[in-house]
Amino acid sequence: MVFNLVKDFWNGVWDENTIFKLQIGMCPTLAVTTSAQNGLAMGLATTFVLVCASTLVSIVRKLVPKEVRIPVYIVIIATFVTIVDLFLKAGFPDIHAVLGIFIPLIVVNCVILARAEAFAGKMPVHRAASDAFGFGIGFMVALLVLGSIREILGMGTWFGMQVMPANFVPWSIMVLPPGAFISLGFVVGAVNLISRRSAAGSRSS
Amino acid sequence: MSTLFFIFIGALLVNNFVLVRFLGICPFLGVSRQLETAVGMGMAVTFVMTLSGIVTWVLQHYVLSPFGLAFLQTLLFILVIASLVQFVELFLRKMVPVLYRALGIFLPLITTNCAILGLALLVAQREYDLIQTVIFAVGAGLGFTLALVIMAGIREEMQFAPIPESLQGAGIALITAGLISIAFSGFAGLVPM
């Protein structure tokens, strides 16, 4: 049983990573990753909503008639998004200001609805929670990687600390919109290359 | 009058929803393989966007603000948009079955198209009046269509290009989008801030 939970978790982190493999939930990924910190904050917020929503969907899965399940899921997700929105506004106004409308927009992050529909609505609570946690962490890692690349190349810093040598000229395009598309494109390509290599390796051994 | 013009151009080109604001990336990458479906999707989004912009504006001004229910904004907006999309889907299935078949799975996905909800939230945030909202929505929708059509045109040509295996699909699409986005940043000075 523990093996199953680990498998559900790992599925979201790597095998079906939402950004690297499935390419869903791209809007916040591109928009908020101007720095590692913003990427991490967005990843945490999304993970919280994803885990809470999947757990609740799984709890009520036998009470909800099949015909109205999608609206019910959306209401559940929107509730948790509102909680996050108000919490960040009260506790972390700076981060709230930077993430802007992308916090309420977590509600339309396809990852959350997709997990509710494809997994949480059919599975027992512990498996749903572990699956959601995996997908949340996978999403957060993707945002952190992309945010780090863009911050290091675009500003020469990482989490606000100077990491590049002093004579490094920042590539300011990396923190502008085009940089988001281009760096994510190359990251996706690199991940494809790695999975192709490891698939080839496991076949030949 | 000139304010309205600037709102329109701003939404269409300068702050293009897809290329500069990153709203509606999923359909942008998913439905941009063929020119024909790209136009259809763009039109569907423009239509839904304008409708939902008007409806959410009315809700914001006559329900949420007067009764102090701003915390219900996200919840209410997404429900309204979801029902509107259902309506458009039924309408297309009855009236334009060809388009309905072409758009297939992506029509229900308009619900989770962040461009639609994003527009409603931006309108509420900027306190536009009704006319400004309509102009903004039409501009944003056409901007979305424009980005989609440009992308589809390039991708149709790219089918015959030698692309490294690992970059095929999403990778090259994203890099292409980045290059289009650089071109669009040339519009930046068009509208006074």
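Axes here are lines fitted to C-alpha atoms, for helices over the stretch in contact, and angles between N-to-C directions run from 0 to 180 degrees. All views show a predicted model.

**View 1. Packing of helix α7 against helix α8 in chain B of the predicted model.** Helix α7 (residues 114-126) and helix α8 (residues 130-158) of chain B have axes 11 Å apart, at an angle of about 145°. The crossing of α7(B) past α8(B) is right-handed. On the α7(B) side the contact consists of L119(B), L122(B), V123(B) and R126(B), and α8(B) contributes T133(B), F136(B), A137(B) and A140(B). By class, six of these contact residues are nonpolar, one is polar and one is charged.

**View 2. Packing of helix α3 against helix α7 in chain B.** Helix α3 (residues 35-64) of chain B crosses α7(B) at roughly 35°, and the two axes come within 9 Å. This crossing is also right-handed. Residues of α3(B) in the contact include V45(B), M49(B), G53(B) and W57(B), and those of α7(B) include I116(B), L119(B) and V123(B). The contact has 10 nonpolar residues, four polar ones and no charged ones.

**View 3. The second largest pocket, lined by residues of chains A and B.** The pocket holds about 350 Å³ of space. Its lining has 16 residues, of which D85(A), K89(A), P104(A), Q73(B) and L121(B) are the closest to the centre. Elements giving two or more residues to the lining are α5 (69-91) of chain A and, in chain B, α4 (73-95) and α7. The largest share, four residues, belongs to α5(A). Seven lining residues are nonpolar, seven are polar and two are charged.

Key. Residues numbered from 1 in each chain as written. Chains lettered and ligands numbered in written order. Predicted model: local features only at pLDDT ≥ 70, side-chain atom pairs only at ≥ 80, totals over all residues. Heavy atoms only, no water. Left-handed = near helix turned anticlockwise from the far one by under 90°. Contact = heavy atoms within 4.5 Å. Nonpolar A, V, L, I, M, F, W, Y, C, P; charged D, E, K, R; others polar. 1 Å grid on protein atoms, 1.4 Å probe; cavity = no way out; pocket = protein on both sides within 12 Å on 5 of 7 lines; lining within 4 Å. Points joined across faces, edges and corners; volume = space filled by probe spheres on them.
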